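Colleague: Please show me the model. I have some questions about its packing.

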Amino acid sequence: MTANVPSTSTGSTKLDALKQTAIAADPTKPSGLGLYARFAFAGAVCCSVTHGALTPVDVVKTRIQLDPITYNRGLIGGFKQVIAKEGAGAVWTGFGPTAAGYFLQGAFKFGGYEFFKQQSINMLGYETASNNRTAVYLASSALAEFFADIALCPLEATRIRLVSEPTFANGLVGGFGKILKTEGVGAFYSGFGPILFKQVPYTMAKFVVFEKVNEAIYRTVDKSTASNGMQTVINLGSGVIAGFAAALVSQPADTMLSKINKTKGEPGEGTTSRLIKMAKELGFRGSYAGIGARLFMVGTLTAGQFAIYGDIKKALGATGGVEIAK
């Protein structure tokens with residue numbers, strides 16, 4: 001994901017493979033579990049910090065999705081409506097489950113992406129993996145996100161319930177406990193289908209676009225001579241573009257996820273039938289309700305994530321992975 005392009009390519013994929021393998025095998029660099037633990041920690045921090053900081057935007061975005069008739073004045077207008085009606089503290093509703101959920105999700109997502117990418121290289125060989133790197137990026141990110149969503153889903157369900165029903169409970173512990181007691185474990189995963197439908201394409205777009213933009217930039221910028229500040233700026237720019245792409249791809253599923261977690265289903269009504277019913281009710285236009293707020297939110301947080309992730313990795317010395325970008 002970091003697109004550590006060989007600063008002086010040999011012009012041969014095979015020789016580049018030997019060079020990258022030698023760099024990765026440097027005994028002074030972390031490897032194995034220690035390396036992936038660093039990747040996971042960096043991912044956990046970058047996701048928790050960015051999603052937590054953007055809680056107010058997420059609150060307004062969720063309100064627009066759930067009640068577009070009332071909240072029909074866009075992002076800024078939505079902020080004013082929520083604050084006028086419920087006070088300034090209302091925009092921070094769900095901060096606890098957001099920060100905790102995305103700490104877990106970030107660890108699995110970023111750590112898993114690096115892990116599955118390395119497994120692809122081991123299985124296919126460097127040359128084949130490099131020549132088919134888009135497929136490697138897509139498969140690695142999809143697998144990582146699947147496991148990340150298992151960890152995220154209960155906390156995301158709690159967050160949405162707290163945002164949609166401000167009087168439901170007091171914070172993460174109260175909300176989580178109340179759902180568990182009154183609705184059972186299954187209620188936490190009623191949105192698992194939609195969250196996969198949302199997060200897997202989102203993450204695939206996010207990583208592959210970031211990798212491709214990063215690779216294109218480093219064709220004209222020599223990474224070996226670029227300062228740390230310049231590399232952070234490049235990660236920010238690549239992240240903004242990746243975030244916009246990811247938001248557009250995943251917006252319909254994000255809207256349905258907000259709606260399915262707002263209320264219980266009818267007795268005997270399955271998740272699939274609920275999703276089909278919601279899709280028909282929403283239509284194309286309705287499924288993109290709140291897209292302005294989400295483009296701003298996802299573009300900002302994705303840029304921040306990649307910048308923070310890259311900086312933490314460098315600080316921890318987590319640069320031992322084999323990269324396949326050309």
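Colleague: Are Tyr-113 and Phe-207 buried or exposed?

Modeller: This is a predicted model, where local features need pLDDT of at least 70, side-chain atom pairs count only at pLDDT 80 or more, and totals for chains, interfaces and linings use all residues. Residues are numbered from 1 along each chain as its sequence is written, and side-chain values use heavy atoms, with hydrogens and water left out. Buried means under 20% relative accessible area, exposed over 50%, partly exposed in between, using a 1.4 Å probe and protein chains only. By that rule Tyr-113 and Phe-207 are both buried.

Colleague: How many aromatic pairs does a search of the whole structure find?

Modeller: Rings of Phe, Tyr and Trp (its six-membered ring) pair if their centres lie within 6.5 Å; planes under 30 degrees apart count as stacked, over 60 as edge-to-face and the rest as tilted. The search of the whole structure gives 15.

Colleague: How far apart in sequence are the parts that Tyr-113 and Phe-207 tie together?

Modeller: The two rings are stacked, 4.2 Å centre to centre with 20° between the planes. Helices are DSSP runs (H or I, at least four residues) and strands likewise (E, at least two), numbered from the N terminus. Tyr-113 belongs to helix 5 and Phe-207 to helix 9, so the parts tied together are separated in sequence by 94 residues.

Colleague: What is the angle between the planes of Phe-146 and Phe-147?

Modeller: Phe-146 is partly exposed, at 36% relative accessible area. Phe-147 is partly exposed too, at 40%. Their rings pair edge-to-face, 5.4 Å centre to centre, and the plane angle is 85°.

Colleague: Which charged end sits over the ring of Phe-168 at 4.5 Å from its centre?

Modeller: A charge sits over a ring if NZ of Lys or CZ of Arg is within 6 Å of the ring centre and within 35 degrees of the ring normal. Arg-161 meets this over Phe-168, at 5.2 Å. The charged end at 4.5 Å is that of Lys-178.

Colleague: Which residues of the largest nonpolar core touch the most other members?

Modeller: A nonpolar core is a set of buried Ala, Val, Leu, Ile, Met, Phe, Trp, Tyr and Cys residues joined through side-chain atoms within 4.5 Å. The largest has 40 residues. Elements giving two or more residues to this core include helix 2 (32-53), helix 7 (133-164) and helix 10 (228-260). The members with the most such neighbours are Phe-39, Phe-110, Tyr-137, Ile-195, Tyr-309 and Ile-324.

Colleague: How many residues are in the second, separate core?

Modeller: Leu-54, Val-82, Ala-247 and Val-298 are among its members. The count for this second core is 18.

Colleague: What covers the buried residues of helix 3?

Modeller: Helix 3 is mostly covered, with 12 of its 12 residues buried. Among them are Asp-58, Lys-61 and Arg-63. Contact means heavy atoms within 4.5 Å. The cover includes helix 2, helix 4 (74-86), helix 5, helix 7, helix 10 and helix 12.

Colleague: How far apart are the end C-alpha atoms of helix 8?

Modeller: The expected span of a helix is 1.5 Å times one less than its number of residues. Helix 8 (residues 171-183) has 13 residues, so it should span 18 Å. The model agrees: the end C-alpha atoms are separated by 18 Å.

Colleague: Which residue follows helix 8?

Modeller: Its phi is positive, near 85°. The residue is Gly-184.

Colleague: How many helices and strands are there in the protein?

Modeller: Buried residues make up 52% of its 326 residues. The elements of the protein number 12 helices and 0 strands.
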